[in-house]
Amino acid sequence: MDISQRRDALKQIITERQEVPINELNKQFDVSSVTLRNDLIYLERIGVCKRLFGKVIDCTNPLPVQLNYGYIKNQEEKERIGKYAASLIEPGDSVLIYTGSTTRQIARFVNPEIDFIAVTNCLYTALELQSYENVQVVVLGGAMNRKICATFGVQTIQQIREFNLDKLFISVDGIDARMGITNAMPFESEINQVVLESAKECIVVADHTKIGNVSFVQMGAIEQVNMLITDTGADPKAVEELKQTGVDIRLV
């Protein structure tokens, strides 16, 4: 069976059954987990399915809302980061998942058995989480940025200040031992400060291209970051410098 035949067979199984455990597909097709993941990524990109925690579901039936993310750079690394970050969510937690292509991956890999509260300003993230019955989803209001489907502004900030959160998961455009965390969006400056002050623990999720990088807008000091989750492609020198500041580094 060549790659085209295998993907056609996968598509047929997923479409017919609607929901299939990934380990079952591994056994049925007798391929490596890497090969199967690449097949499912391909099918997901063309709108056949969606990968969730330990399973894949059919997306060929019309839905009221279609999640059209477009191309995600370094998707495989971001998925690993998101999956690890999702494993840190504990029963009873209240977490803020701030908008971002990496933080969005967290919602895709949440353990469906865990009860927790998820607050987000990203509509994509909220839609990913809506399928989990044990997750109480709080969507922040405000002015919506159509390009990234997320809310910002005075109303969003006021709502964040009303919550006592256990964990903040936040994406960045740069994290550096001296300059702290930065991004490229000037309009996010005030809300960045508020979200960093809102949670007991700040967890930065960023792929290797962001490590040691400094972007245009200051988000916060490195002292405000408790943990950084990144991939093994990160520059070792930049990682070591970040470790020296006391940040808990997790390489996945």
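**Helix packing and strand pairing in a predicted model**

In strand E3, the bridge partner of Cys 49 is Asp 58. The model is predicted: local features need pLDDT of at least 70 and side-chain atom pairs count only at pLDDT 80 or more, while totals for chains, interfaces and linings use all residues. Residues are numbered from 1 along each chain as its sequence is written, and side-chain values use heavy atoms, leaving out hydrogens and water.

Strand E2 and strand E3 (residues 55-58) run antiparallel and are joined by 4 bridges; strands pair if DSSP finds at least two bridges between them. Helices (H or I, at least four residues) and strands (E, at least two) are DSSP runs, numbered from the N terminus. The open sheet comprises 3 strands in the order E1-E3-E2, with antiparallel pairing. Its edge strands, E1 (19-21) and E2 (49-52), each pair on one side only.

Helix H3 packs on this sheet, touching E2 and E3, and its direction makes about 130 degrees with that of E2. Contact means heavy atoms within 4.5 Å; axes are lines fitted to C-alpha atoms, for helices over the stretch in contact, and angles run from 0 to 180 degrees between N-to-C directions.

H3 (residues 33-45) also meets helix H1 (residues 3-17): their axes come within 10 Å and cross at roughly 65 degrees. That makes H1 roughly perpendicular to H3, a term covering 65 to 115 degrees, whereas angles under 35 count as roughly parallel, over 145 as roughly antiparallel and the rest as oblique. The contact includes Leu 10 and Ile 14 of H1 and Leu 36 and Leu 40 of H3.
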